[in-house]
Amino acid sequence: MSPGLLRSDDLRAVARKVLELATRAGATAADAVVVQHAAFSAGVRLREVEKLTEARQKRLGLRVFVGERTAVAATADLTRGGLAYFASDAVALARATQPDPANGLPARDALATETPDLDLYDDAAATPSPDAALARARAAEAAALESDPRLTNSEGAEFSQDAATIAYASTLGFEGAYSSSSFYLGVEPVATSDGHMQRDYWYTRARHLDRLEEPAAIGRRAAARTLRRLGARRVPTQEAPVVFEAEVARSLVGHLAAAVVGQSLYRGTSFLVGKLGEMVAVPLVTVVDDGRLPAGHGSRPFDAEGLPTRRTVVIERGRLASYLLDTYSGRRLGLAATGNAARAVGEAPSAAPTNLYLEAGSHTPEEIIASVDRGLLVTELIGFGVNGITGDYSRGAAGLWIEHGEIVHPVEEVTIAGNLLAMLRDIELVGNDLVLRGNIAAPTLKIRRMTIAGA
């Protein structure tokens, strides 16, 4: 254990103590989360060191209930005296709020009874090696720049690692803790041709250091993605098939996530309100949220309210089978929580995906491209023109133009538009290239027709 870092037992003891103090101050129920986080990053640009940063913090979040009234507070002062004042102030704040019958901890019999090992932690994350980190970043950037003489510049390469220990406890008697880690390496080269510049990137991310892809492979992939953008031009405005490359297809799953979380539903700000049990996509589409996926980027043994995480099928062969709910949103909607509560320190729990992905299909990306007579392969999305209430979708895009099943030239400065519900129902082909580089993922997807606004 590195100097200054507490053991998980110490964090659990802090959580227990603040709950005791809150109860003494008049709370009828409470829960607490204690997070210890250590982050390190190293960046290079054109082979020179651009940054080295390291940060560590310990923070406590407390949620207290006084009957149906509630308040949330956070502190970094974990001393005994500091905790006493903190707990008392949180209870006083709760007394000043309006009562809400949906407030409260989950049912005791719904709490997690075990903390499974989900392969989330690598000891290397707590002990940074600046020399090794810089070597990885330099190797990735060098591999990119040496791939082709047109690669003349770089936005840099970065290696980062994070280690966290999370402890949670509530006055229901639940207590648990787990540790997680994450490692990242990415590079963004710049290419020049005929006075025009293009840039692109590639990266690798894993829970364990030795599971990162090799730096040279990341550099070469970033270089190839950048070079294929040279000579990009606009295309005429038209309606045509659109293929979302896997890396950008995951953004569609991200929009779906925002529509199926409880707070969007009870607030009426989701285009999927009232559609539970209905067909919202073609039968090719199955979307799963799996909080128990081994080494998953969003995996955890229990959620932010002490409920066990689980595998939830959100869309099953096109049918909306489940929402993602925390306890509060479940009560508002008259449904059971799904173990998807998440919280930042100092905020109340709300529903969020764990590992949300659209299941892979049977077609290779090459087969999907070959199926397009005339259309766009999207490799980058720009802007945030998505209306979560109506599902209306309009985003800037760049990519590659397809003619008769072949890529013929790169494309830039176009906008693609449609409606998320219509897009889900217009998916024609699903790729077999699903890779989880984050907690939201999708394979390559072909949508039958969208509006492409260009020249």
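Start by selecting Glu 188, Arg 199, Asp 200, Arg 225, Arg 228, Arg 229, Glu 245 and Glu 380: they are linked in a network of salt bridges (a salt bridge being a side-chain nitrogen of Lys or Arg within 4 Å of a carboxyl oxygen of Asp or Glu). This is a predicted model, where local features need pLDDT of at least 70 and side-chain atom pairs count only at pLDDT 80 or more, while totals for chains, interfaces and linings use all residues. Residues are numbered from 1 along each chain as its sequence is written, and side-chain values use heavy atoms, with hydrogens and water left out.

Now zoom in on Arg 225. Its side chain meets that of Asp 200 in a salt bridge, 3.4 Å from N to O. Arg 225 sits in helix 4 (residues 215-227) and Asp 200 in the loop between strand 6 and strand 7 (202-206), 25 residues apart; for helices and strands, read DSSP runs numbered from the N terminus (helices H or I, at least four residues; strands E, at least two). Both Arg 225 and Asp 200 are buried, where buried means under 20% relative accessible area, exposed over 50% and partly exposed in between, with a 1.4 Å probe and protein chains only.

What does Arg 225 lie over? Show Tyr 201: Arg 225 is over its face, 5.6 Å from the ring centre. A charge counts as over a ring if NZ of Lys or CZ of Arg is within 6 Å of the ring centre and within 35 degrees of the ring normal. Next, pick Arg 221, whose charged end sits over the ring of Trp 202, 4.1 Å from the centre.

You'll find Gln 198 in strand 6 (residues 196-199), buried at 11% relative accessible area. Its side chain makes a 3.0 Å polar contact with that of Glu 412 (N or O atoms within 3.5 Å; within protein, one must be able to donate a hydrogen and the other to accept it, and residues adjacent in sequence count only if both atoms are side-chain atoms).

On to the aromatics: Tyr 168, Phe 174, Tyr 178 and Phe 302 form one cluster. Rings of Phe, Tyr and Trp (its six-membered ring) pair if their centres lie within 6.5 Å; planes under 30 degrees apart are stacked, over 60 edge-to-face and the rest tilted. That rule gives seven aromatic pairs. Take Tyr 178 and Phe 302: with centres 5.4 Å apart and planes at 85°, the pair is edge-to-face. Tyr 178 is in strand 5 (residues 175-193) and Phe 302 in the loop between strand 9 (287-290) and strand 10 (311-316), so the pair ties together parts 124 residues apart in sequence. Tyr 178 is buried at 16% relative accessibility, and Phe 302 is buried at 2%. Compare Trp 202 and Tyr 203: centres 5.7 Å apart, planes at 45°, so this pair is tilted.

Last stop: Arg 63 and Asp 31. Their side chains meet in a salt bridge of 2.8 Å, N to O. Arg 63 is in strand 2 (residues 48-66) and Asp 31 in strand 1 (residues 29-45), so the pair ties together parts 32 residues apart in sequence. Arg 63 is buried at 6% relative accessibility, and Asp 31 is buried at 0%.
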